[in-house]
Amino acid sequence: MNIKRILPAIVGLLVAATAPAFAEGDRYRAFSTTAESITGDISMDDFSITFANGESLKFAALLGDHFVVDGERVNASLYSVEDPADPELENGNRLCGAGDVTYLASWSGGEGLTIVAVFTGDEPPESSADMCASYTYQD
């Protein structure tokens, strides 16, 4: 067999085998009562967040890697939402319930937990004090 013929096939198989993992993003299990009743389990990466019912929000940009949570600066990801919306999720609940979500932040909640907070303002939020809702997930 010729290595020039086999190598492209092997590379193609590797790419095909790993593609779904990148498309799905990291999976998080709903941990807080709020997350269980509104979002369900989610998958999230640097491009979007997808909720249990299949609704999703695409991110326009990563705006920062730090955020102020309860007065303390923490490592976090702050995203702007490409097309602001307040999608209908589990049990007819809305993600924010107070307008279209324009920004989303996520950070470690400690001990294998991730916090996701949503915001409705026109300007990027400066702290967790500006959020309309937050949800806790198990990594």
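These numbered points comment on the fold, the strand pairing, the cores and the side-chain pairs of a predicted model.

1. Overall make-up. The protein has two helices and eight strands. Read from the N terminus, the elements follow the order α-β-α-β-β-β-β-β-β-β. Of the 139 residues, 37% count as buried. Among contacts with a separation of 6 or more, 40% are between residues 24 or more positions apart.

2. Strand β7 and its burial. This strand is mostly covered, with seven of its seven residues buried. In a regular strand the side chains alternate between the two faces of the sheet. In β7 the cover extends to both faces: Leu113, Ile115, Ala117 and Phe119 are buried on one side, and Thr114, Val116 and Val118 are buried on the other.

3. Neighbours of β7. With β6, the strand pairs in the antiparallel sense over seven bridges. Within this part of the sheet, alanine 105 is placed opposite alanine 117 of β7. β7 also runs antiparallel to β8, and six bridges join these two strands. There, leucine 113 stands opposite glutamine 138 of β8.

4. The turn between β6 and β7. The hairpin formed by these strands has two residues between them. Glutamate 111 takes a positive phi in this hairpin, near 45°.

5. The largest nonpolar core. This core contains 22 residues, of which Ile49, Leu95, Leu104, Val118, Tyr135 and Tyr137 touch the most other members. At least two residues each come from β1 (26-30), α2 (33-38), β2 (42-44), β4, β5, β6, β7 and β8. The strand that gives the most is β8, with three residues.

6. Leaving aside residues up to four places away in sequence, isoleucine 49 touches Ile42, Ser43, Met44, Glu55, Ser56, Leu57, Phe59, Leu104 and Val116.

7. Aromatic pairs. The structure holds three of them. The rings of phenylalanine 59 and tyrosine 79 have centres 4.2 Å apart and planes at 10°, so this pair is stacked. Phenylalanine 59 is in strand β4 (residues 56-69) and tyrosine 79 is in strand β5, so that the pair links distant parts of the chain, 20 residues apart. Phenylalanine 59 and tyrosine 79 are buried.

8. Phenylalanine 67 and phenylalanine 119 form an edge-to-face pair, with 5.7 Å from centre to centre and 70° between the planes. Because phenylalanine 67 lies in strand β4 and phenylalanine 119 in strand β7, the pair ties together parts that are 52 residues apart in sequence. Phenylalanine 67 and phenylalanine 119 are both buried. Ring pairs join Phe67, Trp107 and Phe119 into a cluster.

9. The disulfide. A search of the whole structure finds one. It is formed by cysteine 96 and cysteine 132, with 1.9 Å between their sulfur atoms. Cysteine 96 sits in the loop between β5 (72-85) and β6 (101-110), and cysteine 132 in the loop between β7 (113-119) and β8 (133-138), so the pair ties together parts that are 36 residues apart in sequence.

10. The salt bridge. The whole-structure search also finds one salt bridge. Its partners are glutamate 88 and arginine 94, whose closest N and O atoms are 3.7 Å apart. Side chains of opposite charge can pair when their charged atoms come close. Glutamate 88 is partly exposed, with a relative accessible area of 43%. Arginine 94 is partly exposed as well, with a relative accessible area of 41%.

Conventions: Residues numbered from 1 in each chain as written. Predicted model: local features only at pLDDT ≥ 70, side-chain atom pairs only at ≥ 80, totals over all residues. Heavy atoms only, no water. Disulfide = S-S within 2.5 Å. Helix = DSSP H or I, 4+ residues; strand = E, 2+ residues; numbered from the N terminus. Phe/Tyr/Trp six-rings, centres within 6.5 Å; stacked < 30°, edge-to-face > 60°. Buried < 20%, exposed > 50% of the residue type's maximum accessible area, 1.4 Å probe, protein only. Salt bridge = Lys/Arg side-chain N within 4 Å of Asp/Glu carboxyl O. Pairing = 2+ DSSP bridges. Core = buried A, V, L, I, M, F, W, Y, C linked by side-chain atoms within 4.5 Å. Contact = heavy atoms within 4.5 Å.
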